[in-house]
Amino acid sequence: MPNVGDTAPDFEYTLSDGTAHRLSELRGKRVLLNFWATWCEPCRAEMPDLQRAANDYGDSVVILGVNKLEPVAVIPPFADELQIRFPLIVNTKGDIANRYAARNIPTSFFINTDGTVGFRQIGVMNYGFMKLHLDQLK
C-alpha cells in the first residue's frame, strides 16, 4: 500500500466517452482517488459527499472513483440512482486496486499536485473530512 510521501502508482483508465487516460496525466492537479463497489453500503453512503466535493472544488480537484471487480453494466444504474457525475472507473480485473492494496473498501488516496500521496483513508468519509484533507494537499 502506498504510504504518505510515496509516488501514487500510475494506471490507465477509460472514461465513459471511450477516451483512455493515465493518472500521471493529472500531475499539477489535486486528486482524490476512491475505491468502491455498488454492494458496499459505506461506499454508497459516502458517494453523495464525494459528488458534493466534486461540485464544490470544480476543476481544482479531480475525483476518480475506481470500482472494484464489478461488471460494466452495474455502474451506470448506480451512478444514475445516486446522481454521481464525477468519473467512475470500471476495473473488472482489479489491477488498479491491487496496485494500491485496496483490500477493504471504501479506501481513498488524496494525491498532491506532484503525484505523491498526501493522505490515505481506509473506511468511510464525510464531506468535512474530505474537505479537510483536500485543503491540505499541496
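Start by selecting strand E3 (30-36), strand E4 (61-67), helix H2 (75-82), strand E5 (88-89), strand E6 (107-111) and helix H4 (127-136): these are among what covers the buried residues of H1. Contact here means heavy atoms within 4.5 Å, and buried means under 20% relative accessible area, with exposed over 50% and partly exposed in between (1.4 Å probe, protein chains only). Helices (H or I, at least four residues) and strands (E, at least two) are DSSP runs, numbered from the N terminus.

A quick word on what you have open: this is a predicted model, where local features need pLDDT of at least 70 and side-chain atom pairs count only at pLDDT 80 or more, while totals for chains, interfaces and linings use all residues. Residues are numbered from 1 along each chain as its sequence is written, and side-chain values use heavy atoms, leaving out hydrogens and water.

**Stop 1: helix H1**

Now pick residues 41-57, which are H1. Show Cys-43, Glu-46, Met-47, Leu-50, Gln-51, Ala-53, Ala-54 and Tyr-57 to see the buried residues of H1. Zoom in on Met-47 for a kink of about 30°, shortly before the proline Pro-48; the bend is the angle between axes fitted to the seven residues ending there and the seven starting there. Just after H1, click Gly-58, which has a positive phi of about 55°.

**Stop 2: the sheet**

Next, colour the open sheet of 5 strands, in the order E5-E4-E3-E6-E7 with mixed pairing. Strands pair if DSSP finds at least two bridges between them. E5 and strand E7 (117-122) are at the edges with a single partner strand each, so one side of each has no neighbour in the sheet. E3 and E4 run parallel, joined by 7 bridges. Val-31 is opposite Val-62 in E4.

**Stop 3: the aromatics**

Finally, select the rings: the whole structure holds 8 aromatic pairs, counting Phe, Tyr and Trp (its six-membered ring) with centres within 6.5 Å; planes under 30 degrees apart are stacked, over 60 edge-to-face, the rest tilted. Phe-35 and Phe-109 have ring centres 6.3 Å apart and planes at 90°, so this pair is edge-to-face. Phe-35 is in strand E3 and Phe-109 in strand E6, so the pair ties together parts 74 residues apart in sequence. Both Phe-35 and Phe-109 are buried.

Note on methods
The expected span of a helix is 1.5 Å times one less than its number of residues.
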